[in-house]
Amino acid sequence: MRFDDHRVVITAAGRDFGRTLAIRFADLGAEVFLSARSLAAAERVRDEIRDRGHQRVHAHACDLTAPASIRDFASGVARHTDRVDILINNGARYHHGPDLQSASDDDVVDTIASGATGTVLTVKNFLPLLLNSDKPDVVTMVSACGTAGHHRSDAHDAFYAAKSAQAGFTEILSKRLRPRGVRVISLYPPDFDNPDPLSEEWESTPRGAKDALTAQSLVDCILFAVTQPRDCFIKSFHFEQV
């Protein structure tokens with residue numbers, strides 16, 4: 001499985017699962033455009049990837065709570081390429097705390113803006129580049145918190161609200177973009193283990209039926225979905241919670 005002819009955009013790739021995605025797609029040959037809230041964080045991951053021998057990787061700053069920053073990110077990518085084949089909406093601020101009163105008003109605004117508004121504006125600004133591709137896919141890391149009736153997370157109510165907004169957005173987007181050939185794929189994982197993809201733990205993390213979901217399996221789901229023939233629209237992945 002190679003992605004040498006793919007150009008992949010990943011939001012919030014400065015750490016955690018976004019970093020994992022950037023490293024794995026680069027290892028598979030893709031040209032990667034990664035963003036983080038701070039340019040320094042994006043550049044650190046870019047340099048990690050370049051140290052592995054992959055030079056087609058670009059770092060950008062993007063604050064998903066700031067519309068101008070999202071526009072600048074899309075414009076910056078457009079200066080390098082005339083198309084994007086895969087857009088991965090990985091970015092969304094997590095806020096912990098099952099007590100509604102535990103978050104400040106600013107925390108609530110930031111959490112909902114990054115996950116909800118940020119996702120909508122990212123797709124909106126990258127859509128022209130996606131439509132220039134003959135294999136466009138939009139992948140969104142939602143969360144089990146975006147599933148109706150889910151209550152097993154200790155995430156703050158604002159995070160639930162942001163993820164529910166993402167779920168509603170991707171649901172309608174899938175139907176409205178299908179006639180234009182764009183697949184919209186959403187993942188709804190519970191909490192999952194995310195070992196460093198550059199460590200030995202990446203290969204040794206248990207992946208049995210009684211183990212927690214792993215980043216490795218989430219990456220495998222994404223790779224499976226985007227490599228299917230274009231008549232195969234896998235709308236979502238839902239996962240059992242241990």
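What volume does the second largest pocket have? The points below take this up along with the other pocket, the cysteines and the salt bridges of this predicted model.

1. The second largest pocket has a volume of about 210 Å³. Its lining is made up of 13 residues, and Asp211, Ala212, Leu213, Thr214 and Val242 are the closest to the centre. By type, the lining of the second largest pocket holds five nonpolar, four polar and four charged residues.

2. Of the 36 residues that line the largest pocket, Arg15, Asp16, Asn90, Ala92 and Tyr94 lie nearest its centre. Helix 1 (16–27), helix 4 (105–131) and helix 5 (157–177) are the elements that each give two or more residues to this lining. Helix 1 supplies the largest share, three residues. The lining of the largest pocket comprises 17 nonpolar, eleven polar and eight charged residues.

3. Cysteine 232 is partly exposed, at 24% relative accessibility, whereas cysteine 62 is buried, at 4%.

4. The count of salt bridges comes to 23. One of them pairs aspartate 5 with lysine 135, at 3.8 Å from N to O. Aspartate 5 sits in the segment before strand 1 (7–10) and lysine 135 in the loop between helix 4 and strand 5 (137–141), so this pair ties together parts that are 130 residues apart in sequence. Aspartate 5 is partly exposed at 43% relative accessibility, while lysine 135 is buried at 16%. Both residues also belong to a network of salt bridges that links Asp5, Arg83, Asp85, Asp134 and Lys135.

5. Aspartate 82 and arginine 7 form a salt bridge at 3.5 Å, N to O. The two are 75 residues apart, with aspartate 82 in the loop between helix 3 (67–78) and strand 4 (86–89) and arginine 7 in strand 1. Aspartate 82 counts as exposed, at 52% relative accessibility; arginine 7, at 21%, counts as partly exposed.

6. In the salt bridge between arginine 52 and aspartate 27, the closest N and O atoms are 2.9 Å apart. Because arginine 52 lies in the loop between helix 2 (39–51) and strand 3 (57–61) and aspartate 27 in helix 1, the pair ties together parts that are 25 residues apart in sequence. Arginine 52 is partly exposed, with a relative accessible area of 41%, and aspartate 27 is buried, at 19% relative accessibility.

Conventions. Residues numbered from 1 in each chain as written. Predicted model: local features only at pLDDT ≥ 70, side-chain atom pairs only at ≥ 80, totals over all residues. Heavy atoms only, no water. 1 Å grid on protein atoms, 1.4 Å probe; cavity = no way out; pocket = protein on both sides within 12 Å on 5 of 7 lines; lining within 4 Å. Helix = DSSP H or I, 4+ residues; strand = E, 2+ residues; numbered from the N terminus. Nonpolar A, V, L, I, M, F, W, Y, C, P; charged D, E, K, R; others polar. Points joined across faces, edges and corners; volume = space filled by probe spheres on them. Buried < 20%, exposed > 50% of the residue type's maximum accessible area, 1.4 Å probe, protein only. Salt bridge = Lys/Arg side-chain N within 4 Å of Asp/Glu carboxyl O.
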